[in-house]
Amino acid sequence: MDAPRLGYLLKRAHLGFGALVSEALDPLGIDNREWAVLISLDDRQPRSQAELATLIGIDRTTMVALLDSLQRKGLVDRRPHADDRRKNVIEITASGRDLRKRAARTVDAVERRFLAVLGEDEAARLRAALGAVIAPHEPPPDRPDPP
């Protein structure tokens with residue numbers, strides 16, 4: 001029997017990890033995509049909606065819905081750009097920063113649990129190997145790691 005295809009293995013790992021993260025973030029009141037937005041927001045430099053959508057790799061319509069949800073939860077503020085009123089600028093709020101810190105600890109714990117079957121050395125090698133494989137295809141350096 002042939003070994004499983006790489007695409008299948010990566011997809012299954014992504015789905016499994018994503019499900020664990022989703023379950024862990026649920027008590028915090030956010031989902032995986034909202035988490036991706038929060039970790040994409042810089043505390044010092046606001047981003048436009050369009051920049052965030054590109055950064056995270058989602059369409060603009062989905063980004064609007066995510067930002068609407070995060071704004072209702074008091075985690076982000078949206079305001080017109082000072083130089084271009086057609087653009088909206090997104091800033092993380094103090095509540096958003098606090099939730100981002102708590103969620104980061106939660107996701108770190110999920111990651112440790114997910115990789116525990118490998119042990120620390122093997123998990124580090126997996127990270128290094130995946131980093132090497134994706135490096136030639138990496139987006140600009142300011143793009144955050146997705147959840």
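**Group meeting: a walk through the predicted chain**

Let's start with Glu 34: leaving aside its neighbours within four places in sequence, it is in contact with Gly 29, Leu 66, Ser 69, Leu 70 and Lys 73. Contact here means heavy atoms within 4.5 Å.

Before I go on, a word on where this comes from. This is a predicted model, where local features need pLDDT of at least 70 and side-chain atom pairs count only at pLDDT 80 or more, while totals for chains, interfaces and linings use all residues. Residues are numbered from 1 along each chain as its sequence is written, and side-chain values use heavy atoms, with hydrogens and water left out.

Back to Glu 34, then. Is this residue buried or exposed? Glu 34 is buried, at a relative accessible area of 4%. For that word, the cut-offs are under 20% relative accessible area for buried, over 50% for exposed, and partly exposed in between, with a 1.4 Å probe and protein chains only. Glu 34 sits in helix 2, and its C-alpha atom is 13 Å from that of Gly 57, which is 23 residues away along the chain.

So what else does the chain have? There are six helices and three strands, and starting at the N terminus the order is α-α-β-α-α-β-β-α-α. These are DSSP runs, numbered from the N terminus: helices are H or I with at least four residues, strands are E with at least two.

Now, helix 2 has a partner. Helix 2, residues 32-40, packs against helix 5, residues 94-115, at an angle of about 115°, and the axes are 10 Å apart. Which residues make that contact? From helix 2 you get Trp 35, Leu 38 and Ile 39, and from helix 5 Leu 99, Arg 100, Ala 103, Ala 104 and Val 107. The axes are lines fitted to C-alpha atoms, for helices over the stretch in contact, and the angles run from 0 to 180 degrees between N-to-C directions.

Staying on helix 5, have a look at Thr 106, which is found there. Thr 106 is partly exposed, with a relative accessible area of 21%. Beyond the neighbours within four places in sequence, Thr 106 is in contact with Ala 24 and Leu 28. Ala 24 is 82 residues from Thr 106 in sequence, yet their C-alpha atoms are 6.7 Å apart.

Over to the strands. Val 89 lies in strand 3, residues 88-92, and is buried, at 5% relative accessible area. What does Val 89 touch, leaving aside its neighbours within four places in sequence? The list is Pro 46, Arg 47, Ser 48, Asp 77, Arg 78, Arg 79, Pro 80 and His 81. Val 89 and Ala 50 are 39 residues apart in sequence, and 9.2 Å apart in space, C-alpha to C-alpha.

Towards the end of the chain, Glu 138 is in the segment after helix 6, which covers 119-134. Glu 138 is partly exposed, with a relative accessible area of 44%. Between Glu 138 and Asp 59 there are 19 Å, C-alpha to C-alpha, and 79 residues in sequence.

Last, the whole chain. Of its 147 residues, 30% count as buried. The C-alpha atoms fill a box of roughly 60 × 35 × 25 Å, taken along the principal axes. And of the contacts between residues at least 6 apart in sequence, 54% join residues at least 24 apart.
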